Amino acid sequence: MINLRRVGLVARRDFLVTVSNKGFLFGVLVMPLIMTVLIAMVPKMMAHSGTQVAVEVALIDHSGAVTEALRQELDPATLAAARAAQARQATGQLGPAGAGVARAAAAAQPDIPHFTLQALPPDATLESQKAWLIAENLGKYARRALVVVPAAAVLRTDGGFETYALYAPRNLPQDAEGILHDAVRQSLISARLRATGVDPALVRSATEVAPAHTELVSAGGKQQTGQGLNRALPFIMGVLMFMGIMMGGQSLMTSTVEEKSSRVVEVLLAAVSPLELMWGKLLGQMGVGLVSLGVYVALGVLALLQFAMIGLIDPLLILYLFLFFLMSYLVYGALMQTVGAAVNQMADAQSLLGPVMMLLVLPYILTIFVGGRPDAPFSVILSFVPPVNAFIMMARLASSSPPPVWQVLLSLLASLVAACTTVWFAAKVFRIGLLMHGKPPNIATLVKWARMS
Amino acid sequence: MNAALALRGVDKSFGAQRAVAGLDLVVPKGETCGLIGPSGAGKSTTIRILMSILFADAGTVEVLGRASALEAKDRIGYLPEERGVYRKMRVGAFLDYLAGLKGVSAQQSQARSRDLLGRLGLQDVEKKKCEDLSKGMLQRVQFVASIVHQPELLILDEPFSGLDPVSVRLLKDVIAAERRRGTTILFSTHVMAQAEELCDRVVMIHKGRKVLDEPMAKLRRQFDVSRVLFEPLAPQPGDATELRGVPGVAAVAGTEGEYELRLVAGTDPAAVIREAVVRVLPARVEIARLRLEDLFVGIVKEAGQSEEALRQHLQGLTAGEGK
């Protein structure tokens, strides 16, 4: 007969000791905070906000057909229009709900550099321009570059088209370099088309298709999706489950080993039964896992709110996440607790922990594949095979093609049966293992203990 | 009999090793019982079975009228041999936690802990972390944890091991107070003098079997008169022969400095002493007190022989009582 008061006291102590530990606070609260700050700050810091780079570009155009086109491509109005088109493309991929992300990404981009083009006579060379190119004391944000376009880059020869050369000192920013390459490429294409009598503007408009997004059609009507998020969400669910289980399970195993190695376990067993101790610890660390998961989910929701993408997440998905987490935690937590009770020190735990970690990492990796093929027979069958089923079902639920409700309920039932079986096994091994010292056991020994108990 | 605990026909094996074999043990309420025996005799296993930490392969256990200690844990205090604490926890919080598990409120626990810590010379340690205390101090803290809930039955496994003499005295005082309160106490030890001093009853086990179970008073009566220690004032080579000639003396052992006169069963030691001091001038004459240690050593020595020989040895030691 389990005394719930004692179970509650053990759970409370384990929970409070773990969550007040500096390592836990750092892992659960400080790390996500640092990551959030970094994610928000790094692009802004990279963008040199308010500091526009001025690039003087010298062009040696042996073809005589690129200069004007390049001048046009490097015009501030042209560059601003190109960036706006990129933002529209990003919005299209994320869907309308992802407009916030596109806006945030655009805001985080560096200012567009200001280019000025100076055409040099065809007899100029890299050697004659080298001193100009690498001159110092130009000013904090002034940069230089030299583009050499051979005649064969526009006029086709037997060997096909030649390409251009871009020379730049080390301090040319990466974004300015990228823009310059794009501009020269576009100029060359325009020049080549003109040389063959084709209007470049016509070709450009013919090759551009405005971005569109997928609309899911169901009995309930149409639903717009964010393809990027849909692809990532199953994996994100796997990560959340994995982190919650690891947070709770790892500290469960560590605290069990510590209690056993410090011999405090016998003092505890004078006050509580082995089953009460096991349940108390299991529930206490479940609380730890729930707090970790809750923090990560809350941060995720905040991020989605920030980027106006909250509409992409079904609240039921979060409910299922917590339900499947609880079932999975009981399975993996009980196994980790068994390992903790069986060994005398953490170093001995590795050999027994290996198979448990394999069972935990495998479904986590599978979420990547299942998210892309949620209705494949492989995905459907694995949704009912414990202990991987919780991860697989969460990946399917988070995919663009969620499973029917009966499959979700059946998967939950399979998880519940697995949790009960694992906890039953763990209870038997826990009772024997807690007072066993000496050589660390192998899996066969654990099974023997379970049969003895 | 109103027994606080009773084991009947208890067996426990670990693989091929039989740790406890057919053990019967009954401790009446209010009695202090010493469980003695050499290391590896099965004392700790017996106690763990009593506490339902281990489960017997066969036999029955009854603790405070219940079929298992699990049903009476809140009424039992237990100090295990392998003592442990949460090293990072503060002493006060540790005691409150264990008392809480035994159903004691935090308020009661704090008041009792403070009182007991004070009586054991541990004032001002409540706020300290367990890892900051010495081994001896921790042992006293653990003892407090075992009695803070005022148990009806107190089980102490080697309670004095590793303690300095002052701490041993303080602990004995608190145990005596628990005894006066009416607590039934079972404690294991291999220090015979402690068993002699504290116990109403002694149970000796060896290789998992009970080889002695007698009230201390009975043992005292049996053995107190069997030996007389004699120290001559001016030792002479013929002293041993003179003493051996005293009526009622069965044998004389020892050297010229000190002799032990072993008396024939039923001999009046006073008569032997009167005759002995006439024959040899004494510096010191003393009736040997019971030394449980002799009994203990005798049993362990006999262990090399058959079980039957061991039982005969014990019967010889306890013969005479009840005739």
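**View 1. Pro232(B) and its partner across a strand pair.** In this predicted model, Pro232(B) sits opposite Pro282(B) of E13(B). Strand E10 (residues 227-232) of chain B and E13(B) pair in the antiparallel sense, over 5 bridges. Strands here (E, at least two residues) and helices (H or I, at least four) are DSSP runs numbered from the N terminus, and two strands pair if DSSP finds at least two bridges between them.

**View 2. The open sheet of chain B.** Its 4 strands follow the order E11-E12-E10-E13, with antiparallel pairing. At the edges are strand E11 (249-254) and strand E13 (282-287) of chain B, each pairing on one side only.

**View 3. The largest nonpolar core.** This core has 146 residues, and those with the most contacts inside it are Met394(A), Leu50(B), Val144(B) and Ile155(B). A nonpolar core is a set of buried Ala, Val, Leu, Ile, Met, Phe, Trp, Tyr and Cys residues joined through C-beta atoms within 7 Å; buried means that 20 or more other C-beta atoms lie within 10 Å of a residue's own, with C-beta atoms placed from the backbone. Helix H12 (residues 315-342) of chain A gives the largest share of this core, 16 residues. Apart from this core lies another, of 26 residues, including Leu146(A) and Ala191(A).

**Notes for all views.** Residues are numbered from 1 along each chain as its sequence is written, while chains are lettered from A and ligands numbered from 1 in the order in which they are written. Local features need pLDDT of at least 70 and side-chain atom pairs count only at pLDDT 80 or more, whereas totals for chains, interfaces and linings use all residues; pLDDT is the predictor's confidence in each residue, from 0 to 100.

Methods: A residue is buried if 20 or more other C-beta atoms lie within 10 Å of its own, exposed if 12 or fewer, and partly exposed in between; C-beta atoms are placed from the backbone.
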